[in-house]
Amino acid sequence: MSIRTGLLPGIALLILLFTGCATTREADVVEPGCRVLPTTLRFIDSRIGGARLEQDRSACYFEGTASSQKVADDQKNVLVALASSRCGATIVEDAPDPTAKERAEQGKGVQMRMRLVQSAPDNRCSLGGAVGPDLAGDEYEIQVTAQQPGRYPAAAYRQDREGQTVVIVLLDDQFELIGAVVETSSGYEDFDEAALTAAREWRFTGRTSRPGTVFVRLPVDFKKN
C-alpha cells in the first residue's frame, strides 16, 4: 500500500512529538548525594531531621526539618561555606514550603528546602555524575592553637542544669574554619548554642596528606563543679 506524499509531514511531526516525550532531560535525572559537598553527612546538624541531599545536572538540593529558624539559618550558612570552600563560589536559593509557617506553629519545626548552585562551572565538582569518595585527607594531624571554653548560660547555671554538646568543626585543608554543627545535642538549646559559639572561636594547625575537608569532633561540657 502506498502513502500519499501529502501525509508525510504530519507523520513526521507525530514521530518527533512521541520521541520528545520518551526522552528525559538531563537536568531531570536526580541522583543521591552532591558533588559539591562531602559524601559524609557529618556537616548536617543533628537538630535537623529527615535530611536529604540530591543532585541533577543543574544543582544540588537539600531538604530537612530544623528544630528552629536559627538552626535552619546556621545550616544554610554552613552549606554555602562548605560548598564554596570545596568548589568555588556557590549560592543557595530558598525554595519556600507553603506549609512551613503552619508546621512551625504546630511545633513541627522549620521545613528547609534549598537549591545549591555553583556561580561558575568547576570540573572538580561537575554535577550529574556519580558522587565519589571525599577529597578529605585520609591522614591528618591537628593541634589546637587557641581554645575557648563554652560560656555557661546564666539561666542554666541558676537552674542547676548540666550537660554536654558534641560539636563537629569543619576545616579546610589550611585548617581554617568553614563552619560548625551539632553532632549530639545536650537536649538544651542554650547549651548547644553556647558550645557552637565556643567551637567557632577555636583555632587549629596541623598537616594533611591530601587536600579536602577536615572534620574535628569536640565534646563541650557544661558542669558547675
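**Entry 1**

The model is a predicted one, in which local features need pLDDT of at least 70 and side-chain atom pairs count only at pLDDT 80 or more, while totals for chains, interfaces and linings use all residues. Residues are numbered from 1 along each chain as its sequence is written, and side-chain values use heavy atoms, with hydrogens and water left out.

I then looked for the partner of Glu183 and found a salt bridge with Arg42, whose closest N and O atoms are 3.5 Å apart. This pair links distant parts of the chain, since Glu183 sits in strand β8 and Arg42 in the loop between β1 and β2, 141 residues apart. Arg42 is partly exposed as well, with a relative accessible area of 33%. I note the cut-off here: a salt bridge is a side-chain nitrogen of Lys or Arg within 4 Å of a carboxyl oxygen of Asp or Glu. By this rule the structure holds twelve salt bridges.

**Entry 1: the salt-bridge network**

I next followed Arg47, whose side chain meets that of Glu193 in a salt bridge at 3.0 Å, N to O. Arg47 lies in the loop between β1 and β2 and Glu193 in helix α5, so the pair ties together parts that are 146 residues apart in sequence. Arg47 and Glu193 are each buried.

A second pair is Asp74 and Lys70, with the closest N and O atoms of their salt bridge 2.9 Å apart. These two residues are in helix α2, four residues apart, which is about one turn of the helix. Asp74 counts as buried at 19% relative accessibility, whereas Lys70 is partly exposed at 39%. I recorded that Asp45, Arg47, Lys70, Asp74, Glu193 and Arg200 are linked in a network of salt bridges.

**Entry 2: Asp192**

Which side chain of opposite charge is nearest to Asp192? I found Arg47 at 4.1 Å, and Asp192 is buried yet has no salt bridge; in this count Lys and Arg are positive, Asp and Glu are negative, and His and the chain ends are left out. Asp192 belongs to helix α5, residues 189-200, and its side chain reaches the backbone nitrogen of Ser186 at 3.0 Å. When I set aside neighbours within four places in sequence, I listed Arg47, Thr165, Val182, Ser185, Ser186 and Gly187 as contacts of Asp192, where contact means heavy atoms within 4.5 Å.

I counted five helices and ten strands in the protein chain; helices (H or I, at least four residues) and strands (E, at least two) are DSSP runs, numbered from the N terminus. Five strands form an open antiparallel sheet in the order β1-β2-β3-β5-β4. Strands β1 (31-32) and β4 (90-94) stand at the edges with a single partner strand each, so one side of each is left without a neighbour in the sheet. Two strands pair if DSSP finds at least two bridges between them; the antiparallel strands β2 (residues 48-55) and β3 (residues 60-66) are joined by six, and Arg52 stands opposite Glu63 in β3.

Helix α2 (residues 69-87) lies across β2, β3, β4 and β5 (110-118), and I noted an angle of about 15° to β5. Axes are lines fitted to C-alpha atoms, for helices over the stretch in contact, and angles run from 0 to 180 degrees between N-to-C directions.

**Entry 5**

Strands β7 (residues 163-171) and β8 (residues 177-184) run antiparallel and are joined by six bridges, and the bridge partner of Val166 in β8 is Thr184. Five residues stand between the strands of this hairpin, where Phe175 takes a positive phi near 65°. Most residues other than glycine have a negative phi, and I marked the exceptions that I looked up. Phe175 is buried, with a relative accessible area of 7%. Asp160 has a positive phi of about 55° although it is not a glycine, and I placed Asp160 in the loop between α4 (154-158) and β7. Is Asp160 buried or exposed? At 54% relative accessibility, Asp160 counts as exposed.

**Entry 3: totals**

I noted that 38% of the 225 residues of the protein chain count as buried. Among contacts in the protein chain with a separation of 6 or more, 73% come from residues 24 or more positions apart.

Key. Buried means under 20% relative accessible area, exposed over 50%, partly exposed in between (1.4 Å probe, protein chains only). A polar contact is a pair of N or O atoms within 3.5 Å; within protein, one must be able to donate a hydrogen and the other to accept it, and residues adjacent in sequence count only if both atoms are side-chain atoms.
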